[in-house]
Amino acid sequence: MDLVRPKIRDFAAEVLAQGGMTSPARRHLGRLVIVTFHRVLPEQFRSRYHIPGIVVTPEELDWTIRYLRRSYTIGRLDHVHGRHEAGDAPSKPFVAITFDDGYADNFTYARPILEKHGVKATFFIPAAFIGRERLPWYDSLGFALSPASRRTEVERGLLARHDLGHVADAEPQTIIEAAKRIRPHVRQALVEAIRPSRIPAWARTMSAEEIVSLALEGHEIGAHTMTHPILNTCDDASLDWELRGSKSLLEKLIGREVTSLAYPNGDQDARVLRAVRTAGFQRAVTTHWGTNPRGQERLLLNRCDIDARRMRNLSGELSESNLALRLSGLHPGLR
Ligand SMILES: [Zn+2]
């Protein structure tokens with residue numbers, strides 16, 4: 001295992017933190033930082049999930065929110081983005097807390113932690129999956145596919161027939177990545193053909209009641225399309241449905257305007273941006289790594305995903321210096 005890079009990273013993180021080089025007040029003054037979480041799951045479930053890199057445990061979330069609340073002016077995206085654009089520049093820079101994909105674990109595990117810290121956040125919801133026994137396609141595939149070592153001939157055949165023969169012997173995570181690039185109707189056909197026999201209770205998406213509760217408690221509900229497709233690959237009609245359909249469905253549900261959008265997988269192009277503008281969104285977030293100066297194009301906001309493995313030092317302890325280094329954008333090779 002390569003221990004040199006983590007060693008250098010830990011060392012650099014400490015030295016830069018001591019010199020104040022990665023301090024939020026210095027690095028991010030006048031900028032808007034938007035952090036991204038996905039799943040929040042206890043360790044016993046993270047180890048059984050096919051994309052462990054997008055999971056933080058409740059303890060890691062609690063630790064991260066405590067750090068961010070102390071170092072930044074923290075809040076939901078629409079609020080802090082509005083203040084940032086209006087020229088407000090507090091001595092503690094702005095950070096917005098966002099959760100993607102509308103998982104029920106956000107309600108079960110993240111909500112009480114946010115409440116404890118008095119922090120409001122933004123939850124981006126794929127509207128077609130609210131309260132259904134259905135998951136976004138990548139989770140359906142993840143739970144349906146056996147690990148590579150136990151892949152059956154039937155599964156291999158199905159993958160081959162759906163443009164994924166080249167990854168038929170790979171682990172589910174690799175197949176999911178490859179499936180992002182195939183035609184949407186082929187991917188949908190595969191998902192229908194290979195449905196998981198059982199979805200674990202901890203993996204489900206939020207119910208309508210849970211989403212309404214979050215809105216009533218002061219959190220922002222943002223759109224994350226209807227079915228979480230790669231928008232660039234949608235034809236005009238489905239692009240319109242994915243954007244306007246999700247906005248109006250969520251607005252009906254929570255009884256207030258939905259102004260923020262997250263692009264599935266972060267993907268967009270000029271045609272998608274036009275459709276997002278037409279649909280009436282006021283801001284949209286990508287997965288492009290970075291922070292935002294004032295005047296950043298509001299439909300192309302950069303974000304910083306939170307990766308629990310990179311907040312820990314070589315001894316396995318959560319390290320504020322390491323998190324500060326990562327958020328600082330310095331030394332991207334060590335991120
Ligand atoms: Zn997503």
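**Entry 1: histidine 117**

I began with the surroundings of histidine 117 and noted that, leaving aside neighbours within four places in sequence, histidine 117 is in contact with Asp62, Ile65, Arg66 and Arg69, where contact means heavy atoms within 4.5 Å. Before going on I recorded that this is a predicted model, in which local features need pLDDT of at least 70 and side-chain atom pairs count only at pLDDT 80 or more, while totals for chains, interfaces and linings use all residues. Residues are numbered from 1 along each chain as its sequence is written, and side-chain values use heavy atoms, with hydrogens and water left out.

I then looked up the polar partner: the side chains of histidine 117 and aspartate 62 are joined by a polar contact of 2.7 Å (a pair of N or O atoms within 3.5 Å; within protein, one must be able to donate a hydrogen and the other to accept it, and residues adjacent in sequence count only if both atoms are side-chain atoms). Histidine 117 lies in helix H6, residues 104-117 (helices are DSSP runs of H or I, at least four residues, numbered from the N terminus).

**Entry 2: the zinc ion**

I listed the protein donors of the zinc ion as Asp101 (OD), His224 (NE2) and His228 (NE2), lying 2.1 Å from it. Donors here are N, O and S atoms within 2.8 Å of the metal (3.2 Å for Na, K and Ca), and since water is not among the atoms, sites may look incomplete. The spacing of the donor residues in sequence is D-x122-H-x3-H, and I found histidine 224 and histidine 228 both buried.

**Entry 3: the two domains**

I took the division of the chain as domain 1 (4-133 + 207-334) and domain 2 (137-193), with bounds that come from an automatic or database domain assignment. Their C-alpha centres lie 28 Å apart, and 14 residues of domain 1 are in contact with 11 residues of domain 2.

Across this interface I noted 2 salt bridges (a side-chain nitrogen of Lys or Arg within 4 Å of a carboxyl oxygen of Asp or Glu) and 9 residue pairs in polar contact, both at pLDDT 80 or more. I also looked up arginine 39, which forms a salt bridge with aspartate 139, their closest N and O atoms being 3.0 Å apart.

How values were computed: Helices (H or I, at least four residues) and strands (E, at least two) are DSSP runs, numbered from the N terminus. Buried means under 20% relative accessible area, exposed over 50%, partly exposed in between (1.4 Å probe, protein chains only).
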